[in-house]
Amino acid sequence: MNVSIDKFSGFCWGVVRTVQIAEDQLAHKDAATNRNVYVLGHIIHNPKEIQRLADKGLETITVDDFPRLAHSGAKVIIRAHGEPPETYRKAWDNGIEIVDATCPVVTKLQERVRKFWDQGYQIVIFGKKDHAEVLGVRGVVRDQCVVVKSVEDALENVLLDRKTVLFSQTTMDRPTFLEIRNALKGRISELIVDTMEEIATEFHVKDTICGQVSGREAQLANFARANDVIIFVAGRASSNGKVLFDVAHAANPRTYFVETIDEIDPAWLDGANNVGISGATSTPQWYMEEVREWVERRGLVTS
Ligand code: SF4
């Protein structure tokens, strides 16, 4: 049995950067107090990597923990997803030092959204309402935006009665984003026919899907087709994990999603000569290596 890891899978540069910032903070912990380093929410959507960093002293907290850490010299990391402005204000109020590891791609999205909102545009975001990144963006515009997750959702909830701009959460899938764009454009054309209605005189579309996700799709589909079976490793909370899994599964129906090795059903490997391991932008390389070793051992046992 030949087992290989998709060379385009694993941490994106934004996650590499965030984990490196956390590692640096952990390496420079105050030796006198040996105080933990804190992170707001899970540092990435991967339980294995969360545990590895927790073992080094990275403690996951929420904003509700700020009062107990107030004025204690605590450092709190903001993860790649970013945070709403309110979080920075609360940290300031509690005398907490923020270490900002927001991915620059997300910072850029927040800046662009803020710019259009300041100019009076209706903000529409293709994304998941309660995803951490979207919560950050919602905070930037004081929740004065519409978050949609499908074409139906957009047509039902976006009132095109004023100038509007459509953005995307960075980890959503581009085909659905383009469908939503087309549906809203079509709706504006319909409204123009009835001149009695107020309509969006401007409709802008900003494709803010991260190239680190969309750029992997074609390569992943090729990789999936080149193997008999794909084990796709990702945290269940990972948005891009779901998007990339769907891509692999469409290319090869014998693609299986697992979060941990003990979820692998050996029967999946029956008759397979080539097994591929792939993962999300938050899947650590070291864990995919462990999966590969497990599959290789299994291959030896069953052959
Ligand atoms: S997927 Fe893109 S936006 Fe998200 S952390 Fe990675 S580089 Fe940043």
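Helices α1 (13–27), α5 (104–118) and α9 (211–225) each supply at least two residues of the shell around the ligand. The structure is a predicted model, in which local features need pLDDT of at least 70, side-chain atom pairs count only at pLDDT 80 or more, and totals for chains, interfaces and linings use all residues. Residues are numbered from 1 along each chain as its sequence is written. Helices (H or I, at least four residues) and strands (E, at least two) are DSSP runs, numbered from the N terminus.

The ligand is surrounded by 15 residues, the closest being Cys12, Gly14, Cys103, Val105 and Cys210; a residue is counted here if its C-beta atom, placed from the backbone, lies within 6 Å of the molecule. The greatest contribution to this shell comes from α1, with three residues. By residue class, the shell comprises nine nonpolar, six polar and no charged residues, where Ala, Val, Leu, Ile, Met, Phe, Trp, Tyr, Cys and Pro count as nonpolar, Asp, Glu, Lys and Arg as charged, and the others, Gly among them, as polar.

An open sheet is formed by four strands in the order β3-β2-β4-β5, with parallel pairing; two strands pair if DSSP finds at least two bridges between them. Strands β3 (58–61) and β5 (97–100) stand at the edges with a single partner strand each, so one side of each is left without a neighbour in the sheet. From one strand to the next, the twist averages 35°, with axes taken as lines fitted to C-alpha atoms and angles running from 0 to 180 degrees between N-to-C directions. Within the sheet, β2 (residues 37–40) and β4 (residues 75–78) pair in the parallel sense over three bridges, and tyrosine 38 stands opposite valine 76 in β4.

Cysteine 145 lies in strand β7 (residues 145–148). This cysteine counts as buried because it has 20 C-beta neighbours inside 10 Å; the classes are buried at 20 or more other C-beta atoms within 10 Å, exposed at 12 or fewer, and partly exposed in between, with C-beta atoms placed from the backbone. Not counting residues up to four places away in sequence, cysteine 145 touches Ile123, Val124, Ile125 and Arg138, contact requiring C-beta atoms, placed from the backbone, within 7 Å. The C-alpha atoms of cysteine 145 and isoleucine 123 are separated by 4.8 Å, although the two residues are 22 apart along the chain.

Lysine 129 is located in the loop between β6 (122–126) and α6 (132–140). With 13 C-beta neighbours inside 10 Å, lysine 129 counts as partly exposed. Leaving aside neighbours within four places in sequence, lysine 129 is in contact with Val134 and Val147.

Key:
Two residues are in contact if their C-beta atoms, placed from the backbone, lie within 7 Å.
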